[in-house]
Amino acid sequence: MVLCFDEVLTGFRIGLGSGQGEVGVTPDLATYGKAIAGGFPMAVVAGCAEIMDLLLQDRVMGAGTFNGYPMGVVAALSTIRILERDNGVYFKIVDKRQTRLVNGFKEISQRHAVPILITGFRGYFATHFSDRDAAWSVRDLVEVDSQKGEKWRLSLVEQGIWPMWGPKWFVTAALTEQDVDKTLEIADLSIASL
């Protein structure tokens with residue numbers, strides 16, 4: 001049996017070791033998306049020699065639009081160098097900004113008596129309007145109020161805050177403290193309008 005980690009969301013967002021570094025498990029294969037290249041078009045399949053050698057032996061096809069794409073490789077190398085700086089200070093900044101956002105959203109929702117469940121990990125989280133304290137599987141999210149979530153998201157967009165489609169939020173070190181302040185200010189107004 002081959003163990004494969006899909007690191008498209010976790011790869012190089014939660015740490016240089018990605019999800020596997022967080023859980024202490026080295027998979028046989030891992031896939032990564034554009035976060036490895038700082039958002040530049042890039043994808044990576046990495047794995048143990050036994051499996052990767054099958055590509056070299058032409059026993060499996062490894063075709064891809066961006067194979068051998070030098071701009072993506074340069075972007076990936078540059079991104080990794082930035083993430084390595086100062087013992088990973090980038091990830092400490094992300095933690096600080098995300099903690100402020102998450103705690104702020106929770107405080108705002110409590111003050112307005114609008115229950116919110118926040119799920120995720122470093123660099124990514126999702127907001128769900130739900131009475132649940134935690135979600136352990138997608139089944140736990142079936143009863144979230146997605147209409148309220150979409151109304152909140154559209155209210156944020158109308159006031160200049162652009163989260164991802166649906167409940168997703170991606171946090172980077174490019175966010176400033178002022179960005180977080182403004183987001184929380186607008187989130188407060190938006191939740192109050194629900």
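The largest cavity in this predicted model is lined by Thr127, Gly149, Trp152, Arg153, Leu156, Pro163, Gly166, Pro167 and Trp169. Its volume is about 30 Å³. A search of the whole structure finds one cavity of 30 Å³ or more. Helix α4 (residues 146–158) gives the largest share of the lining, with four residues. By class, five lining residues are nonpolar, three are polar and one is charged.

Salt bridges come next. The count is ten.

| Pair | Closest N and O atoms | Relative accessibility, one partner | Relative accessibility, other partner |
|---|---|---|---|
| Glu177 and Arg100 | 2.4 Å | Glu177, 22% | Arg100, 28% |
| Glu107 and Arg111 | 2.8 Å | Glu107, 39% | Arg111, 46% |
| Lys182 and Glu185 | 3.9 Å | Lys182, 41% | Glu185, 45% |

The salt bridge between Glu177 and Arg100 has its closest N and O atoms 2.4 Å apart. This pair links distant parts of the chain: Glu177 sits in helix α5 (residues 177–192) and Arg100 in helix α3, 77 residues apart. Glu177 is partly exposed, because its relative accessibility of 22% is not under the 20% cut-off for buried. Arg100, at 28%, also counts as partly exposed.

Glu107 and Arg111 are four residues apart in helix α3, so about one helical turn separates them. Glu107 is partly exposed, and so is Arg111. In helix α5, Lys182 and Glu185 are three residues apart, again about one turn. Lys182 counts as partly exposed, as does Glu185. Salt bridges with shared partners also join Lys96, Arg97, Arg100, Glu177 and Asp181 into one network.

Helix α3 (residues 70–111) also holds Ser78. Is Ser78 buried or partly exposed? At 31% relative accessibility, Ser78 counts as partly exposed. Ser78 and Lys168 are 90 residues apart along the chain, and their C-alpha atoms are separated by 26 Å.

The surface also carries a nonpolar patch. Leu3, Val23 and Val25 form it, and together they have about 230 Å² of accessible area. Val25 lies in the loop between α1 (18–23) and β2 (29–32). With 33% relative accessibility, Val25 counts as partly exposed.

How values were computed
Residues are numbered from 1 along each chain as its sequence is written. This is a predicted model: local features need pLDDT of at least 70, side-chain atom pairs count only at pLDDT 80 or more; totals for chains, interfaces and linings use all residues. Side-chain values use heavy atoms; hydrogens and water are left out. Patches are made of residues with over 30% relative accessible area and no salt bridge: like charges are joined within 9 Å, nonpolar side chains (Val, Leu, Ile, Met, Phe, Trp, Tyr) within 5 Å. Accessible areas come from the Shrake-Rupley method with a 1.4 Å probe; for residues, only the protein chains shown count as cover. A salt bridge is a side-chain nitrogen of Lys or Arg within 4 Å of a carboxyl oxygen of Asp or Glu. Helices (H or I, at least four residues) and strands (E, at least two) are DSSP runs, numbered from the N terminus. Buried means under 20% relative accessible area, exposed over 50%, partly exposed in between (1.4 Å probe, protein chains only). On a 1 Å grid over the protein atoms alone, a cavity is a set of points where a 1.4 Å probe fits but cannot get out, and a pocket is an open set with protein on both sides within 12 Å along at least five of seven lines; lining residues have an atom within 4 Å of a point. Grid points are joined across faces, edges and corners, and a volume is the space filled by probe spheres set on the points. Ala, Val, Leu, Ile, Met, Phe, Trp, Tyr, Cys and Pro count as nonpolar, Asp, Glu, Lys and Arg as charged, and the others, Gly among them, as polar.
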